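Here is a short briefing for a first look at this structure. Keep the sequence and the 3D view open while reading.

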Amino acid sequence: MSHDPLKVAPTEQAGKIKIEEHKRFSDPNATDPKSVRVNKTAGTGMEIDWKDGHRSAYTFPWLRDACPCATCNEEREQTGRRIGQSPKPKPGTLPMYKEKARPTEVTPVGKYAIAFKWNDGHSTGIYSWEYLRRECPCAECAACR
């Protein structure tokens, strides 16, 4: 189950994207975590060791800015912001102190995802393992996208 928005692409481009993504995740272990460490107390983020041997590390601010919920997806589409990229301040606004994103609660969602309640009150994003692996911020994965 994916919570990503629908994307329309020319047929030939869409086919290439699906084939490349299929190649990347043809091993079912690629999107199945072996271990998940949420460093809530230290405030450093979350680390996932995948069953295919890959390791992903996500900071809490990156995770908050990558929220896959419909509201956050719509905002990113409207502003052109990439997944995990912080929103830019609105023109003419004064910079305000903003507390660094951190979860106040972390909850497993079945065997397929994890959910966070953030210190800014936001809690509607469900981060599937598939989504987290596909959007892994490491240099190796970024180069494949």
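## Briefing

Phe-60, Phe-116, Trp-118, Tyr-127 and Tyr-131 make up one aromatic cluster. The model is a predicted one. Its chain has 145 residues, and 31% of them are buried. The secondary structure amounts to five helices and six strands.

**Order of elements**

- Read from the N terminus, the elements follow the pattern α-β-β-β-α-α-β-β-β-α-α.
- Three strands, β1, β2 and β3, form an open sheet.
- Three strands, β4, β5 and β6, form an open sheet as well.
- Strands of a sheet pair through backbone hydrogen bonds, and the pairing can be parallel or antiparallel.

**The sheet β1-β2-β3**

- The strand order is β1-β2-β3, and the pairing is antiparallel.
- β1 (33–39) and β3 (55–58) are at the edges. Each has a single partner strand, so one side of each has no neighbour in the sheet.
- From one strand to the next, the twist averages 10°.
- Strand β2 covers residues 45–50, and four bridges join β2 to β3. These two strands run antiparallel.
- Look for Glu-47: the residue opposite Glu-47 is Ala-57 in β3.

**The sheet β4-β5-β6**

- The strands are ordered β4-β5-β6, with antiparallel pairing.
- β4 (103–109) and β6 (126–128) are the edge strands, and each pairs on one side only.
- The twist here averages 25° from one strand to the next.
- Strand β5 spans residues 113–118 and pairs with β4 in the antiparallel sense. Six bridges hold this pairing.
- Two residue pairs mark where β4 faces β5. Val-109 stands opposite Ala-113, and Glu-105 stands opposite Lys-117.
- β4 and β5 form a hairpin, with three residues between the two strands. Gly-110 sits in the turn and has a positive phi of about 55°.
- Three bridges join β5 to β6, and these strands run antiparallel. Tyr-127 in β6 is the bridge partner of Ile-114.

**Aromatic residues**

- The whole structure holds five aromatic pairs.
- One of them joins Phe-60 and Trp-118, in an edge-to-face arrangement. The ring centres are 6.3 Å apart, with 70° between the planes.
- This geometry counts as edge-to-face because the planes are over 60 degrees apart.
- The pair links distant parts of the chain. Phe-60 belongs to helix α2 (residues 60–65), Trp-118 belongs to strand β5, and 58 residues separate the two.
- Are Phe-60 and Trp-118 buried or exposed? Both are buried.
- The aromatic cluster includes this pair, along with Phe-116, Tyr-127 and Tyr-131.

**The second largest pocket**

- Rolling a probe the size of a water molecule over the atoms shows where empty space is left.
- The second largest pocket holds about 650 Å³ of space.
- How many residues line this pocket? The lining has 24 residues. Closest to the centre of the pocket are Asp-65, Ser-86, Pro-87, Lys-98 and Asp-120.
- Sorted by class, the lining has nine nonpolar, four polar and eleven charged residues.
- Helices α2 and α3 (70–79) each supply at least two residues of the lining.
- Which element gives the largest share of the lining? That is α3, with four residues.

**Points to locate first**

- Start with the hairpin of β4 and β5, where Gly-110 lies in the turn.
- Finish at the second largest pocket, with Asp-65 and Asp-120 among the residues closest to its centre.

Terms used. Residues are numbered from 1 along each chain as its sequence is written. This is a predicted model: local features need pLDDT of at least 70, side-chain atom pairs count only at pLDDT 80 or more; totals for chains, interfaces and linings use all residues. Side-chain values use heavy atoms; hydrogens and water are left out. Two strands pair if DSSP finds at least two bridges between them. Axes are lines fitted to C-alpha atoms, for helices over the stretch in contact, and angles run from 0 to 180 degrees between N-to-C directions. Rings of Phe, Tyr and Trp (its six-membered ring) pair if their centres lie within 6.5 Å; planes under 30 degrees apart count as stacked, over 60 as edge-to-face and the rest as tilted. Buried means under 20% relative accessible area, exposed over 50%, partly exposed in between (1.4 Å probe, protein chains only). On a 1 Å grid over the protein atoms alone, a cavity is a set of points where a 1.4 Å probe fits but cannot get out, and a pocket is an open set with protein on both sides within 12 Å along at least five of seven lines; lining residues have an atom within 4 Å of a point. Grid points are joined across faces, edges and corners, and a volume is the space filled by probe spheres set on the points. Ala, Val, Leu, Ile, Met, Phe, Trp, Tyr, Cys and Pro count as nonpolar, Asp, Glu, Lys and Arg as charged, and the others, Gly among them, as polar.
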